Amino acid sequence: MSSTSIPSKFDVAVVGAGPAGSATAYLLAKKGFKVLLVERGRGLGDKQLFGGRVYAQPLREVWPELDKEAPIQRWVTRERVSLVSGDKALTLEFKGGERKSFTALLPQLVAWMQRKAEQAGAIFATEATVDEIMFKDGKAVGIRSGNDVVYADVTVDAEGVNRLLLERAGIVPRLSPDHIALGVKEVLRTGSSQLEAAFGIGSDEGVAWVVVGDVTRGVPGGGFIYTNKDTVSIGVVIHLKHAINAIESGQLNNHVYELVEGFRLHPYFRNLWHGATISEYGGHLTIEGGLSFAPKRLVYPGLLVVGDAAGLLLSTGINYRGVDYAVYSGKLAAEAIEYAASHGGLTYDNLLEYERKVKDSFMYRDLVRHRAVEMLMNDPTMFSKLAEVFIGLFSQMFEQDYSVPTPYEAFTGALTEHNMSLNKLMSYMITAVRGL
Amino acid sequence: MRIVVGMKWVPGTQSVRIDPKTGTLIREGVPSIVNPHDLPAVELALRLRDKYGGEVIALSMSPPPAIKGLEYLIGMGVDRAILLTDRVYAGADTLATSYALANAIRKIDAEIGKVDLAVFGQETTDSSTAHIPAQTASWLNWPYVYYVRDAWLTEDGKLRVERILENAIEEWELDMPAIISIAMKSIKPRPVSLLNKIRFKTNPSTLITWTNSYMNLDVRCVGLKGSPTFVAKTVDVPEVPRKKIVYKPKDGEDAARWILKSLLSDEKASRALLKALRGSSGGEGS
Ligand SMILES: Cc1cc2nc3c(=O)[nH]c(=O)nc-3n(C[C@H](O)[C@H](O)[C@H](O)COP(=O)(O)OP(=O)(O)OC[C@H]3O[C@@H](n4cnc5c(N)ncnc54)[C@H](O)[C@@H]3O)c2cc1C
């Protein structure tokens, strides 16, 4: 071997170069910490399959140059929500104007974040899987990858939803289907002019579209559509528990990829990407109920947990905020480490600053406020039933031959048609409204 | 021992598509990988170094994105890597490539230290010529052996190799310097290691780039100009779309009946079936 010595001691070792890990590493390296960022994926952003919509403001706090430099596909100017039942659909559109969120292909966006971290001076090691966070006398002292050991004063766990390392460390239990959803996605190449014509948008506009109801063949979950520059990202997210139930009850016997195919071919949507080629597809786990997924603590001696691994993801059924939460938690972790270093050292007590910062943040407050939604999303009948009733209502109002029903008749007609009592509907609505 | 190991940066195989109009490989947007058959060669080189000391130098003639591949080899434990890159090297066939590689090996020999052995993969997944080891050896006038799966030094300092053929295993002894190419899939490559990755990122000198202003090769002998061979035509053999029908048979007989019935209900399939039956009974396979 050549005689060059290899550094095996860092101030901070960050495991996982997703949005959370990349942001943490970037901010710490910029402050002069000796940072190691380890990622098991090969290329930049390789393991980062998903794109969608990202809320910009939390990211701007880390990278003020975001709007100018980041690989933004389109700023979202229109929000659409569709309820679907069979071939029928009810769609609501909101046209906004401000640059609040953008669509992105996550591999590109994460590659950009990783480059930022590396340019700031973080040592970025790809294709290396961390097998274990090492503890000594109850304190995390570094990481092990194969036979290689690297020591660090603080380890930041940014491993994302799978959390094998935290599981091995006995910090979290085995992943339970209760808290997990499966996302299956396709990227459809249409070309920008066809895309803009089909969606009815200008070249500087973008659409974020949430679809609720039957697209997942009655399995609770939903679909999403995001317009990129010249491609459309579409996909479905099904709650793992419900997917398993559906498979066991025979309701679902196809491969999950066929769910997204059902969505792609749905008569209400398919003309939006008529003739497109599928340029990418894949599946990935995601967490749903944030707080119930969080580990008991976000700080352990020598160890901070950020991003998805920390359960910091908000999913209300309409809004989905994972990337910005991950980045923001990385920012708070970096600030806490900096705080600790300047207040007598990276001790457990000093690092607890991270937990305080998270609890004071918009993320934690929102996760608490939206708890009810979690429960709502876990009720398998709610999605399909609500969609059916509302579509029924509009179908009574618009699909007529001679007689025009009064709104009351249309409403009660829809309820009886779909076996829904007013009480039950009200209770759904109350939970929903309380949650939202 | 100073060992040079060759690396080609090739399109990831599953994702290779062929342009139906031009018949050429579409490389754009296809993620590249280290030629999988090079990895056993790297592994053998590393084992020899671990056993006898010295260093392993990876060598690749490629556009700059191949740095990712060289980084992978350094991650495995290769001591340093040389990227041979220049506009004038583009479009090279195997003759022009081996010419550049042979000269790079000479240069390593002169500038870094005596080269004892060069190790290559058996062939590459994107062109499968298997020319490079032999051609490079010919330029250097070194002995070479293909299909090697193990190598060691004899007491009198010669290289002994074991090569596998279809129905024989042979041992050969070579004077060094020599070139060997390693039988595909014969040796399991080690994974990359975190410390080696860190070494790559913290020591910029582990990766050196040599352009032609440094190599000084005759531009008529490299790249497209130095390439007498070319691909005259590529025919894309498109995948035949297949119908997928799933039938859950009660038992073997039921399955056989169902298969026969389905085949006979399709005109084209039944004709092919009859033809095959006739062929096998008449002993005259068609
Ligand atoms: C289908 C789907 C759609 C989504 N849509 C959106 C959306 O529209 N908007 C949004 O904001 N969010 C969305 N998300 C969520 C978002 O992707 C995540 O919240 C976000 O990526 C979390 O970032 P992270 O850095 O915590 O984890 P991750 O992005 O999961 O990154 C973790 C990284 O760690 C690496 N890693 C893991 N273990 C190891 C190990 N042992 N050693 C080395 N490396 C390791 C992984 O390879 C990975 O790169 C979506 C998710 C899915 C699945």
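**A walk through chains A and B**

B:His37 sits in the loop between β5 (32–34) and α1 (38–52) of chain B. The model is a predicted one. B:His37 has a relative accessible area of 10%. Buried means under 20%, so B:His37 counts as buried. Its contacts, leaving out residues up to four places away in sequence, are B:Gly121, B:Gln122, B:Glu123, B:Thr124, B:Thr125 and B:Met184.

Stay in chain B and turn to B:Lys185. This residue lies in the loop between β12 and α5 (194–202) of chain B. Most residues other than glycine have a negative phi, and most peptide bonds are trans. B:Lys185 is exposed, at 72% relative accessibility.

A peptide bond in chain B also deserves a look. The bond joining B:Met176 and B:Pro177 is cis, with omega about 0 degrees. B:Pro177 belongs to the loop between β11 (169–174) and β12 (178–182) of chain B.

Next comes a helix pair in chain B. Two packed helices are described by the angle between their axes and the distance between the axes. Helix α3 (residues 94–111) and helix α4 (residues 132–140) of chain B have axes that come within 8 Å and cross at roughly 55 degrees. The two helices are therefore oblique to each other. The crossing of α3(B) past α4(B) is right-handed. From α3(B), the residues that meet α4(B) include B:Thr94, B:Leu95, B:Tyr99, B:Leu101 and B:Ile105. On the α4(B) side they are B:Ile132, B:Gln135, B:Thr136, B:Trp139 and B:Leu140.

Step back to the whole of chain B. Its domain assignment gives domain 1 (2–221) and domain 2 (240–286). The C-alpha centres of these two domains of chain B lie 48 Å apart.

Now move to chain A. Its secondary structure comes to 17 helices and 20 strands. Chain A has 436 residues, of which 55% count as buried. Take the contacts in chain A between residues at least 6 apart in sequence: 72% of them join residues at least 24 apart.

The axes of α1 (residues 19–30) and α4 (residues 106–119) of chain A come within 8 Å and cross at roughly 25 degrees. α1(A) and α4(A) are therefore roughly parallel to each other. Here α1(A) passes α4(A) in a left-handed crossing. α1(A) contributes A:Pro19, A:Ser22, A:Ala25, A:Tyr26 and A:Ala29 to the contact. α4(A) supplies A:Val110, A:Met113, A:Gln114, A:Lys116 and A:Ala117.

Helix α7 (residues 240–248) of chain A has A:His242, A:Ala243 and A:Ala246 as its buried residues. Down the axis of α7(A), these fall within an arc of 105 degrees, so they line one face of the helix. A:Ile247 and A:Glu248 are exposed on the other side of α7(A). After α7(A) comes A:Gly250, with a positive phi near 85 degrees.

Two loop residues complete the tour. A:Arg163 lies between β11 (148–157) and α5 (164–168) of chain A. Its phi is near 55 degrees, a positive value in a residue other than glycine. A:Arg163 counts as buried, at 5% relative accessibility. A:Thr190 is found in the loop between β12 (180–189) and α6 (192–199) of chain A. A:Thr190 is buried too, with 12% relative accessibility. Beyond its neighbours within four places in sequence, A:Thr190 is in contact with A:Leu195, A:Asp230, A:Thr231, A:Val232, A:Trp273 and A:Ala276.

Technical notes:
Residues numbered from 1 in each chain as written. Chains lettered and ligands numbered in written order. Predicted model: local features only at pLDDT ≥ 70, side-chain atom pairs only at ≥ 80, totals over all residues. Heavy atoms only, no water. Domains from an automatic or database assignment. Buried < 20%, exposed > 50% of the residue type's maximum accessible area, 1.4 Å probe, protein only. Helix = DSSP H or I, 4+ residues; strand = E, 2+ residues; numbered from the N terminus. Arc of directions from axis to C-beta. Axes fitted to C-alpha atoms, helices over the stretch in contact; angles between N-to-C directions. Parallel < 35°, antiparallel > 145°, perpendicular 65-115°, else oblique. Left-handed = near helix turned anticlockwise from the far one by under 90°. Contact = heavy atoms within 4.5 Å.
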